[in-house]
Amino acid sequence: MFLDFFLLLRRHHLPVTLPEYLTLLDALRKDVAEPTIDDFYFLSKTALVKHEQHLDLFDRVFGEYVQGRESVPAEVLPDIPPEWLKDALMRELSEEEKAAIEAAGGFEALWERFRKLMDEQNERHEGGNKWIGTGGTSPFGVGGYAPEGFKTDKSAPGQGQRRAAKVWENREYKNYSDEVELNTRNIKMALRRLRILTREGAEDELDIDGTIDRTSRNAGMLDIQMQATKQNRVKVLMLFDVGGSMDDHIDLCNQLFSAARYQFKHLEFLYFHNCVYETLWKDNHRRKDRMPTWEVLHKYNKEYKVIFVGDASMSPYEITTPKGSVEHYNQESGLVWLDRFKAQYPHLVWLNPMVPAYWQYTQSLDIIRRWSGNRMFPLTLNGLTGAMKSLKNPKVTFEG
Amino acid sequence: MKFTGTEAYIATRELSTAVNAAVQLQKPLLIKGEPGTGKTLLAFEVARSLGKPLYTWHVKSTTSAQQGLYEYDAVSRLRDSQLADRGLDSDRIDDLSNYIKKGKLWEAFESDEQAVLLIDEIDKADIEFPNDLLQELDRMEFYCYELQRTISARHRPIVIITSNNEKELPDAFLRRCFFHYIRFPDRDTMQQIVDVHFPNLPQELMAKSLSVFYSIRDVKALKKKPSTSELIDWVRLLLVAGVSHDDLNDLDALNELPPYLGALLKNEQDSDLMVALRKRGARPY
């Protein structure tokens, strides 16, 4: 009976599945909750939603569903009757504007349109009443009409329990969906491939081979040997291209950044613009704090695995010729610096957020790709997996 | 029997619906929410109000799923077997179950009556940890290789899992759970919560301290917003020190920081921020 609700959720791309829907039906059959709309809201929320990011969307879809079923416009829009608005409006409007309203299909039509506008605004996640009131062409701005009049806010919270209708309309979870924590789990799983397990630190694990060996030598009397547990000690140096054309890929890079920061214990970040030259910077917001690239090369030994992240799209001169940088006079060309990296770090890859199909059209990209020995990988899950393999075995390349 | 909160724990209808759904349908309940909103406490209160034994399993970064089931102490068995000829009971050594240390899950499965099992801070463990528990939580049984038998729950325990969102949980795991996000309590609920903890708190002090608390929470730049547990601690301090609502009112006049601010703000930068705001005459409270 709630199948249309379930389908509505699916249509809004909420990741609900059939078993969860069956669970909900099961819960309803078992009388877990009272047969009220509030309890149905609570119950369906706990059974169907699994992420706080989805709660806001769920509230909106639920509102839409309830509205469609019960058709209670008073619940959605304020208690101000349209007639009252009409009177107030008519008083404010000039004859010309009144004529314009008539032309737009009369006040009823306008009211409908306003409501639709409101709904649309909600759906689009625009928030606020920006649309209505501003924008010189909007009919609702003509009368100098304060949008507050249309607000759907029914403040004055009741004593005791808040009504659920209020909860989903107020969209209390909006913040959680605004600051969406990007789902980086699959990126983390891909990064996990880059593991170098070594034994260091406290000896807290039984060394079975050692114990057997020593015990046999000890004529069968037990001689326990301990060893340190294996841990991932891989050292990673990441260099991010920032600004310019990279702005298009900022979301993807953020995801990679947050996944990497969690996944590697020994991880260093540096930033560059377009190509590496004699300095790099440590903090993207404070570009003045530069670090000489020589210092980087000296500080991080060749055990470090180097990951460049950039679209490698620029003028070819920025790579191949001295003084080619768009930002400053560089004494040595970018390629010289890149070669220094290649000489120092046997394990390096370049991750490119651009779609590989377009790679061949950019000359600079081709130069860098050749420089890396085809170790440029697309910033996709598969590409990332390939890149991690390549960092362990440089013979793994991406031919795309 | 339905859970509706206890005299020491205010549960919103939303939360109790989620708990009751999980209890009735025998599925784990995953609880998330800001730190200090009573996620862990919920399991204790559910166990108390339903009169069921509670087993708590606190997860750490080194915890593996196996530890919740059982651990086989091969070393002490080996040691015992070496000492057997020195008079130690050899029957004991032959019986493997003497060397199996039961984990919390096993204990909860074995309980004579239905138990409440708390898996606290599941996000602290390794990223694969929840996947390793899928079968165990779904079927409420697992296989013990050493004893060569399947351990299944005599009564399916009520499982409550808390997470602080440090790691994303796998979808397959989430699908098997009911989920509830504890929102930060609004003022009315908060008043009830404080009431429960301090029944004798004067009304004026309550109102004033709550408004100071909420206005501090409203400061957007705070790194760590004070939560319910911090408020409770702070009110307790105010009571012990005999601070009255007049003292809190005087703050406005004297342009001072609230007393015992350290109970609310745990972060040095946040305290500095409050001092800076006061200097600029932009005190939030």
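The model is a predicted one. A:Asp31 sits in the loop that runs between helix H2 (18-29) and H3 of chain A. Its phi is near 55°, which is a positive value in a residue other than glycine.

A:Ala312 has a phi near 55° too, again positive and again in a residue other than glycine. The surroundings are another matter: A:Ala312 has 24 C-beta neighbours inside 10 Å and therefore counts as buried. This residue belongs to the loop between strand E7 (305-309) and helix H16 (317-320) of chain A. Across the fold, A:Ala312 pairs up with A:Ile367: the two are 55 residues apart in sequence, yet 8.9 Å apart in space, C-alpha to C-alpha.

A:Ile367 itself is part of helix H18 (residues 363-371) of chain A. Leaving aside residues up to four places away in sequence, A:Ile367 touches A:Pro316, A:Ile319 and A:Thr320.

A:Ile319 and A:Thr320 turn up again around A:Ser333, which touches them along with A:Thr321, A:Pro322 and A:Gly324, residues up to four places away in sequence not being counted. A:Ser333 is placed in the loop between H16 and helix H17 (334-344) of chain A. With 20 C-beta neighbours inside 10 Å, A:Ser333 counts as buried. As for A:Thr321, its C-alpha atom is separated by 4.8 Å from that of A:Ser333, with the two residues 12 apart along the chain.

Next comes the meeting of the two chains. In total, 24 residues of chain B are in contact with 29 residues of chain A. On the chain B side, the elements that give two or more residues are H1, helix H4 (74-83), helix H9 (171-175) and strand E9 (178-182). H1(B) gives the most, with eight residues. Sorted by class, the side of chain B that touches chain A has 11 nonpolar, five polar and eight charged residues.

Part of this meeting is a helix pair. Helix H3 (residues 37-48) of chain A packs against helix H1 (residues 13-25) of chain B at an angle of about 55°, and their axes are 9 Å apart. That angle makes H3(A) oblique to H1(B). The crossing in which H3(A) passes H1(B) is right-handed. From H3(A), the contact draws on A:Asp39, A:Phe42, A:Leu43, A:Thr46 and A:Ala47, while H1(B) brings B:Arg13, B:Glu14, B:Thr17, B:Ala18 and B:Ala21. An α-helix has 3.6 residues a turn, so residues three or four places apart point the same way. Of the residues in the contact of H3(A) with H1(B), five are nonpolar, two polar and three charged.

Chain B also has a helix pair of its own to look at. Helix H10 (residues 187-197) and helix H11 (residues 203-217) of chain B pack at an angle of about 125°, with 11 Å between their axes. This makes H10(B) oblique to H11(B). Their crossing is right-handed. On the H10(B) side are B:Arg187, B:Met190, B:Gln191 and B:Val194, and these meet B:Met206, B:Leu210 and B:Tyr214 in H11(B). By class, the residues of the contact of H10(B) with H11(B) come out as five nonpolar, one polar and one charged.

As a whole, chain B has 14 helices and nine strands. Of the 285 residues in chain B, 33% are buried. Taking the contacts in chain B between residues at least 6 apart in sequence, 76% join residues at least 24 apart. Helix H14 (residues 268-279) of chain B is hardly covered, with one buried residue among its 12. From first C-alpha to last, H14(B) reaches 17 Å, close to the 16 Å expected at 1.5 Å a residue.

Note on methods: Residues numbered from 1 in each chain as written. Chains lettered and ligands numbered in written order. Predicted model: local features only at pLDDT ≥ 70, side-chain atom pairs only at ≥ 80, totals over all residues. Axes fitted to C-alpha atoms, helices over the stretch in contact; angles between N-to-C directions. Helix = DSSP H or I, 4+ residues; strand = E, 2+ residues; numbered from the N terminus. Parallel < 35°, antiparallel > 145°, perpendicular 65-115°, else oblique. Left-handed = near helix turned anticlockwise from the far one by under 90°. Contact = placed C-beta atoms within 7 Å. Nonpolar A, V, L, I, M, F, W, Y, C, P; charged D, E, K, R; others polar. Expected span 1.5 Å × (residues − 1).
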